[in-house]
Structures are given as C-alpha cells and as structure tokens.
Amino acid sequence: MKNIFMILLLSQLTFADENILSGNLKTDLLFFKIDSVKNFSNIKLRRNPMLMGTYSFLIPGLGQYKTDRITQSIIFSAIEITTVAAFLYLENEGDKKTQDYKNYANNNWSVVKYAEWINIYGAEYGDSTKIYINPNTNLKPWERVSWSDVNKWENSSHKQGGFTHHLPAHGEQQYFELIGKYIQYKFGWKDYTYSGNALSKSDIPKQVDDYMNERGKANQMYYNAGLITGIIFINHLVSALDAVYGTSTYNKNVSANIGIENINYAGRKNIYPVLKLTVKL
C-alpha cells in the first residue's frame with residue numbers, strides 16, 4: 001500500500017461544474033470525477049458491484065469494460081458474438097431443412113393415394129368407409145380428399161392392430177411427423193406397392209428412410225441451437241458474477257479519508273481540509 005494522492009485546499013480548488021462535491025463522502029467517491037485536476041487523471045474511483053454485474057448480465061463484458069478489465073471484457077464479448085452467430089446460423093439452417101423435408105413430403109406422399117388404398121383394402125382391416133376423392137387433379141392432394149372420412153376410418157375398429165393414429169390436417173407439425181413415423185401411412189408414399197400385408201415392414205419404400213433422415217437433420221439443427229442458447233445464458237450469468245467479484249476487488253484498490261492538517265504554505269502554518277486517497281499499486 002502506498003499513500004500517493006493528496007488533495008489540499010478543497011475549499012480553494014476550482015472545479016468544473018460537473019465536479020462539485022456533494023458533501024457526502026460515499027456519493028463523492030462513487031460519482032465524483034477528478035480528471036480535470038492536475039496529476040489525477042489516472043485515478044479510478046469506486047464502482048457499484050451490483051450495477052456492474054447487471055451491465056454484464058445484459059451485455060457480457062460491459063461491466064468488465066467499465067472497470068478497466070479489458071482482457072476479460074474481450075473474452076466475454078467474443079463468446080457472446082460467437083454463440084449468438086452460431087445460434088442464428090443453426091436456426092436458419094434448421095428452417096431450411098424443415099422446408100426441404102416438407103417439400104419432399106408434399107411431392108412424395110399423397111393423402112389421395114392413402115385414401116385410395118383405404119377405399120380398396122380398408123374393409124379388410126376396418127369398416128367399409130368410402131372416402132370421397134375429388135376427381136379434379138388440378139387441386140392439391142390435400143384439397144381433394146374428405147379428411148373427416150379418412151379420420152372416421154382410422155378411428156373405427158380394426159381387425160388387426162397397427163392402425164393407431166388419425167391423420168392430422170395437412171401442414172400441421174404432427175402431419176409431417178406421422179406420415180414418416182408410422183407404418184399405417186406407408187400406403188401414401190409414391191413408391192409404395194401393396195404386398196398384401198398392410199402391417200408388413202418389409203415393403204416400406206426407401207422414400208420413408210430418406211424423408212426421416214431429412215427430418216432428423218432439421219431436428220438436430222434445432223437441438224444444437226437449443227444447446228447454444230444454454231451456453232449464451234451461462235455466458236451472461238458467469239459474466240455478471242465475474243463483474244460483481246471483479247468490481248469488489250477493484251474497489252479494494254481505492255480507499256479514502258478526510259481530515260484537517262497543519263500545512264506550511266508560503267512560510268506560514270495553516271489548517272486546511274485534506275482528502276487522502278490510498279491506492280494499491
């Protein structure tokens with residue numbers, strides 16, 4: 001510890017308006033700026049640890065920057081920029097993959113073909129519901145079929161197990177999941193040829209595997225993006241805690257006391273108010 005700063009004659013020093021002391025020592029130590037006083041431009045006054053922690057929680061590295069811990073500020077800021085960029089990239093790629101597999105499904109799985117199979121073979125496995133199919137081929141497949149008829153057959157009693165789900169409306173997330181996940185929807189794939197056993201897994205077309213692989217890639221992108229959000233939060237939290245700890249340590253390097261001393265000035269002894277700052281070097 002070295003006592004290296006002494007401000008004499010506080011009542012006689014001339015400061016800029018923004019540097020006027022409030023009279024409250026704690027307030028003056030926290031907020032008083034003495035940059036304009038000769039030889040004191042490098043003095044670092046105390047910071048509020050909780051405020052610095054809040055800064056760093058909102059913007060990692062900001063609290064460190066305000067307490068002149070530049071290396072730590074750069075590290076936390078670099079992690080933030082990198083992880084946010086990674087999150088945005090993964091989300092964007094996930095959206096692209098999602099659109100890719102939806103397009104693949106729309107081009108290769110048809111509820112019309114599924115309904116046609118039910119109309120031909122459905123009575124062998126459940127009731128004899130006949131699903132209305134609009135003959136206008138200019139319409140999208142999902143616009144040509146009576147969805148309620150499809151669901152009615154799916155919800156009917158079946159002679160064999162395996163028909164356990166009903167088809168959600170086209171475009172719903174469950175729609176795109178079920179057509180690739182459950183064996184009962186194999187009938188709607190473009191390359192499917194009925195082998196005589198509705199529940200056989202040996203005749204599932206390769207399109208199902210291709211489709212599920214594409215869905216898996218999209219889901220993995222979103223999963224990785226979720227992991228990145230966890231890292232982002234941890235970086236905010238650690239940066240905040242580090243800012244609180246670092247600011248507390250930083251503040252220990254500055255202490256102050258106020259008093260009066262007899263000082264020789266121009267050959268005379270006079271009593272002057274004195275502010276002493278003690279700074280660790």
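Q: What is the relative accessible area of Phe233?
A: It is 48%, so Phe233 is partly exposed. Buried is under 20%, exposed over 50%, and partly exposed lies in between, with a 1.4 Å probe and protein chains only.

Q: What sort of model is this?
A: A predicted one: local features need pLDDT of at least 70, side-chain atom pairs need 80 or more, and totals for chains, interfaces and linings use all residues. Residues are numbered from 1 along each chain as its sequence is written, and side-chain values use heavy atoms, without hydrogens or water.

Q: How many aromatic pairs are there?
A: The whole structure has 24. In one of them, the ring centres of Phe57 and Phe233 are 6.4 Å apart and the planes stand at 90°, so it is edge-to-face. Pairing takes Phe, Tyr or Trp (six-membered) ring centres within 6.5 Å; planes under 30 degrees apart are stacked, over 60 edge-to-face, the rest tilted.

Q: Where do those two Phe sit?
A: Phe57 is in helix H2 (residues 49-58) and Phe233 in helix H9 (residues 206-252), 176 residues apart. Helices are DSSP runs (H or I) of at least four residues, numbered from the N terminus.

Q: And what is the relative accessibility of Phe57?
A: 35%, so Phe57 is partly exposed.

Q: Switching to H8: which residues are buried?
A: In helix H8 (residues 173-181), Tyr175, Phe176, Leu178, Ile179 and Gly180.

Q: What covers them?
A: The cover includes helix H4 (70-108), helix H7 (147-155) and H9.

Q: Which residues make the H4 contact with H8?
A: Tyr101, Lys102, Ala105 and Asn106 of H4 meet Gln173, Phe176 and Ile179 of H8. Contact is heavy atoms within 4.5 Å.
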